[in-house]
Amino acid sequence: MTAATVRASHPLGATPWWSRTSVRVVGGLLVPVAIVVVWLAVTLTGLVPPFRLPSPIAVVQAAGQLIADGSLFTHIAISTQRVIIGFLVGSVVGLFFAAIVGLTRSGDILLSPLLVALRAVPSLAWVPLLILWLQIGEESKITLIAIGAFFPVFTTVAGALRRVDPQLVEAGRSFGLRGWSLLRTVQLPAVVPSLVSGLRLALAQAWLFLVAAELIASSMGLGWLLSDSGNTGRVDRILLAIVLLALLGTLTNALLVLFERAVLKRWL
């Protein structure tokens, strides 16, 4: 197909059907709906015993029980609060260290090897150390989530800052910009796409670290619900916690996508 044919099939200003919001929403729902239908079929027909895989109806009933005793929304609120605070703290600290490593030769030499090594440490390996240092309060949980959010922001932004056009930086310096003013006015706008990508990865990582964080002597939260249900053999609640984590991760990512569009529209 030639370029002329493509242009003829998509008149100026027309949006291809696969790029329309309604098509993307419906298309994105097809696979989840199909999974639920297959899940319902294998459970109702007895192909899989209920103690191994409860039906979607049983999972909904488990949600109803937790809503009735008032604990479900508390679990959701506490986990969301921990993720948001840890994500914000980790992102800010990650941006700070990215500026040091990405903009200074000494920072790159001194800090890069250490941070690369720390990035390889599994999330659960931090748990006993954080318990010893910060006890079992909220500080240890939020710190672990912040560690998870730190590395995606640091890695993407530091790499992007190293690749900023030197001529652009020199142009900023010729106007008297130095230090923070140069970073804020010239260098950060140049790496906005990488920054936003790093934030989206950091948010996903924050949700991943949440479960490990709520293993630190928690009594509430979706991670605790997941762990407690595993100890008591409540597979329906395990599946409920997994579904809720997936939905909350999708929702917060959608909010970050809206932020991304606003930022890119402002700076690009």
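F150 and F154 sit four residues apart in helix α7, about one turn of the helix. Helices here are DSSP runs of H or I with at least four residues, and strands are E runs of at least two, numbered from the N terminus. The model is predicted, so local features need pLDDT of at least 70 and side-chain atom pairs count only at pLDDT 80 or more, while totals for chains, interfaces and linings use all residues. Residues are numbered from 1 along each chain as its sequence is written, and side-chain values use heavy atoms, with hydrogens and water left out.

The structure holds four aromatic pairs. Rings of Phe, Tyr and Trp (its six-membered ring) pair if their centres lie within 6.5 Å; planes under 30 degrees apart count as stacked, over 60 as edge-to-face and the rest as tilted. The pair of F150 and F151 is edge-to-face, with 4.9 Å centre to centre and 90° between the planes. F150 and F154 form a stacked pair, at 5.7 Å centre to centre and 5° between the planes. One aromatic cluster is made up of F96, F97, F150, F151 and F154.

F150 counts as buried because its relative accessibility is 9%, and F154 counts as buried because its value is 7%. Buried means under 20% relative accessible area, exposed over 50%, and partly exposed in between (1.4 Å probe, protein chains only). F151 is buried as well.

**Packing of α4 and α7**

Helix α4 (residues 72–103) packs on helix α7 (residues 138–162) at an angle of about 35°, with the axes 5 Å apart. Axes are lines fitted to C-alpha atoms, for helices over the stretch in contact, and angles run from 0 to 180 degrees between N-to-C directions. By class, 21 nonpolar, five polar and four charged residues make up the contact of α4 with α7. Nonpolar covers Ala, Val, Leu, Ile, Met, Phe, Trp, Tyr, Cys and Pro; charged covers Asp, Glu, Lys and Arg; the others, Gly among them, are polar.

**E214 in its loop**

E214 is placed in the loop between α10 (192–213) and α11 (222–232). With 2% relative accessibility, E214 counts as buried. A polar atom of the E214 side chain lies 3.3 Å from the backbone nitrogen of L222. Leaving aside neighbours within four places in sequence, E214 is in contact (heavy atoms within 4.5 Å) with residues including S79, R82 and W224.

**V192**

V192 is in helix α10 and is buried, with a relative accessible area of 4%. The C-alpha atoms of V192 and V36 are separated by 38 Å, and the two residues are 156 residues apart along the chain.

Technical notes
A polar contact is a pair of N or O atoms within 3.5 Å; within protein, one must be able to donate a hydrogen and the other to accept it, and residues adjacent in sequence count only if both atoms are side-chain atoms.
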